[in-house]
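I record what I looked up, entry by entry.

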Amino acid sequence: MSVLVANMADFDTIYELEDEEDEHVVSDEHLARYCPEPVVMRGAGYITVFGLSNRFDTEFPSVLTGKVAPEEFKTSISRVNACLKKNLPVNVKWLLCGCLCCCCTVGCSLWPVICLNKRTRRSIHKLLEWENNRLYHKLGLHWKLSKRKCESSNMMEYVILIEFLLKYPIFRPD
């Protein structure tokens, strides 16, 4: 009976074990190195107002093959293009009016264009966030509107970045 009592007293004792898996723990930096580069969707339109093009190309990038269906991709880009088609003509009209009256108003006539362009960007941000929550986060992708420097000049343009989300190994302990 004394042997049983000694083992029961030892039952609640917590021992620290040496971590043998320290070598196998994968860091975030290590995962980021193997994550593919984001896909950059540049504007393909003929009108650009403050860096925002009037449309994006609906051609399916080959990098996304196996990640998302071409139909879903085309639908998402078409939604963004519809938003741009609705808002950008108004921005262009206000820009022309603002440029004509710029000398008389000391530049204040350009404020409506700036505000309308900001509203257009916000609506695209909301649309892309809705698309991300609806579909793309489940597929390991994240779409966002980002400002990038043009390749040909020092001007800035807005592009759609399609980033690949990191997949954390589920077998790794907390």
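Entry 1, a helix residue. I looked up Glutamate 129 and found that it touches His137 and His142, leaving aside residues up to four places away in sequence; contact here means heavy atoms within 4.5 Å. Glutamate 129 lies in helix H5. I noted glutamate 129 as partly exposed because its relative accessibility is 37%; under 20% relative accessible area is buried, over 50% exposed, and partly exposed is in between, with a 1.4 Å probe and protein chains only. From C-alpha to C-alpha, glutamate 129 and tryptophan 143 are 7.5 Å apart in space and 14 residues apart in sequence.

Basis of the entries. I am working from a predicted model, in which local features need pLDDT of at least 70 and side-chain atom pairs count only at pLDDT 80 or more, while totals for chains, interfaces and linings use all residues. Residues are numbered from 1 along each chain as its sequence is written, and side-chain values use heavy atoms, with hydrogens and water left out.

Entry 2, the sheet. I found an open sheet of three strands in the order E1-E5-E4, with antiparallel pairing. Its edge strands, each pairing on one side only, are E1 (39–41) and E4 (141–149). I take helices (H or I, at least four residues) and strands (E, at least two) as DSSP runs numbered from the N terminus, and two strands pair if DSSP finds at least two bridges between them. E1 and strand E5 (residues 156–164) run antiparallel and are joined by three bridges. Valine 40 stands opposite leucine 161 in E5. Helix H5 (residues 111–136) lies across E4 and E5, at about 150° to E4; axes are lines fitted to C-alpha atoms, for helices over the stretch in contact, and angles run from 0 to 180 degrees between N-to-C directions.

Entry 3, the rings. I found three aromatic pairs; rings of Phe, Tyr and Trp (its six-membered ring) pair if their centres lie within 6.5 Å, with planes under 30 degrees apart stacked, over 60 edge-to-face and the rest tilted. Phenylalanine 60 and phenylalanine 73 are edge-to-face, because their planes stand at 80°, with ring centres 5.5 Å apart. I recorded phenylalanine 73 as buried at 0% relative accessibility. Phenylalanine 73 and tryptophan 143 form a tilted pair, 5.6 Å centre to centre with 55° between the planes. This pair links helix H3 to strand E4, across 70 residues. Tryptophan 143 is buried, at 1% relative accessible area. Ring pairs link Phe60, Phe73, Tyr136 and Trp143 into a cluster.
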